[in-house]
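Biologist: Happy to sit down with you over this one. Could you walk me through what the model shows, starting with the ligand?

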Amino acid sequence: MTNKTEDPTLFDPVDLGPHRLPHRVVMAPMTRSRAGSGNTATPLMERYYRQRSSAALILTEATQVSPQGVGYPDTPGIHTDEQVRSWRSVTDGVHEEGGRIFLQLWHVGRISHPMYHGGEKPVSASAVRPEGEVYTSDGMKPFEEPRALTTDEVGGVVASYRDGAARALEAGFDGVELHAANGYLIDQFLRSETNLRDDRYGGSVDNRVRFLLEATDALIDVWGADRVGVRLAPLSAFNDMADADPKTTFTVAAARLGERNIAYLHVVEQNDFADDARSFDLDTLRDAFGGAYMVNGGYDLGRARKAVASGRAEMVSFGRDFLANPDLPERLREGAELNEADPSTFYGGGAEGYTDYPELEGAHV
Ligand SMILES: Cc1cc2nc3c(=O)[nH]c(=O)nc-3n(C[C@H](O)[C@H](O)[C@H](O)COP(=O)(O)O)c2cc1C
């Protein structure tokens, strides 16, 4: 962050690595399960992202780095040439509109089902089955126990993040965000209740953060640190996650990421442990990280303004409000009313609840 002004507002520009963002209202990553055959991006997806290109930065829906990383129907990938070509249309569309777009790189780990893997078990840090059910093309099914990756295999998964990052470069993105949040593979290594390993990827905090850092370094090799962001969700229980000492785990993670001078740290502030002694003040992470900080989770105009004006965050990402308001930055700037997101059309389907949310009268796109 090189141009932090004395009294920044949500609508002031900010430099993010080589990119000048015109303001600080970011579009949060959102899975919409509308990918085409071969898990490709479609013309409808291009339209959706193009409509939202007035975001300071678009973070795409989570996108698989390998077939092993798949766990939801109709989600896009970045591991085939066809997928690269399909994403190129999306990045060209957003750039034509003057926007910037980072690809969120994803491996679901245990949040999957053998039906996505030719009958083989999904993989994870350890053989710990999540409570609950998984989305499949045949409806919801109970989770099954995953298989723990061997020590040697972990290097191969890191390589798949590197390949995904290289393909993202080829597809014309402006950078990448590593999805280390919400109970997916990297989070499964980070947190003590899903990581029971006794090799160099498990046990101590330094060992549990190793996979996150190796994946981050792989992205940095491809992109340079200033075009790599990382997303964490330290106090989310989503996907049956918990940690014995989240404050230590995530403070160490944030500090190590800070040493790498990555473009930003993106923290989902949802707190499912608010009444638990293990809860902690997430601002600790901002201080441990020391670089550009992006916050997310239930922000509205008032809270977002305050977060930026107080210096607590450089950027705020909006999920559901961006889903339902393609022109969200303009609406926030004008204090206009917002469309409400319809959860029944979040996942799957076509244009309805996707590209048909109205813009303000007279909007340009
Ligand atoms: C439909 C939907 C899909 C989501 N998919 C992703 C995803 O692919 N990757 C991710 O990191 N978070 C995902 N999230 C979480 C959002 O990025 C965000 O953290 C959450 O919606 C809270 O922000 P909000 O209160 O502004 O909506 C998703 C949320 C929604 C509503």
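Biologist: How many residues surround the ligand, and which are the closest?

Modeller: Keep in mind that this is a predicted model. The shell around the ligand holds 21 residues. Those closest to the ligand are Ala28, Thr31, Ala62, Gly319 and Arg320.

Biologist: Which elements give two or more residues to that shell?

Modeller: By class, the shell has nine nonpolar, eight polar and four charged residues. Two or more residues come from each of these elements: β4 (58-64) and α10 (320-324).

Biologist: Now to a helix. How far apart are the end C-alpha atoms of α6, residues 210-223?

Modeller: Helix α6 has 14 residues, and at 1.5 Å a residue they should span 20 Å. The computed distance agrees with that expectation, so the end C-alpha atoms are 20 Å apart.

Biologist: What covers the buried residues of α6?

Modeller: The buried residues of α6 include Phe211, Leu212, Leu219, Ile220 and Trp223. After the helix comes Gly224, with a positive phi near 85 degrees. Among the elements covering the buried residues are α3 (151-170), β10 (175-179), α4 (185-190), α5 (205-208), β11 (228-232) and α7 (246-259).

Biologist: And the whole chain: what is its radius of gyration?

Modeller: The chain has 11 helices and 14 strands, and 49% of its 365 residues count as buried. Its C-alpha atoms fill a box of roughly 55 × 45 × 40 Å along the principal axes. A compact globule with 365 residues would have a radius of gyration near 21 Å, and the value for the chain agrees with this: 19 Å.

Conventions
Residues are numbered from 1 along each chain as its sequence is written. This is a predicted model: local features need pLDDT of at least 70, side-chain atom pairs count only at pLDDT 80 or more; totals for chains, interfaces and linings use all residues. A residue is near a molecule or strand if its C-beta atom, placed from the backbone, lies within 6 Å of it. Helices (H or I, at least four residues) and strands (E, at least two) are DSSP runs, numbered from the N terminus. Ala, Val, Leu, Ile, Met, Phe, Trp, Tyr, Cys and Pro count as nonpolar, Asp, Glu, Lys and Arg as charged, and the others, Gly among them, as polar. The expected span of a helix is 1.5 Å times one less than its number of residues. A residue is buried if 20 or more other C-beta atoms lie within 10 Å of its own, exposed if 12 or fewer, and partly exposed in between; C-beta atoms are placed from the backbone. Two residues are in contact if their C-beta atoms, placed from the backbone, lie within 7 Å. The radius of gyration is taken over C-alpha atoms; the globule rule is 2.2 Å times the number of residues to the power 0.38.
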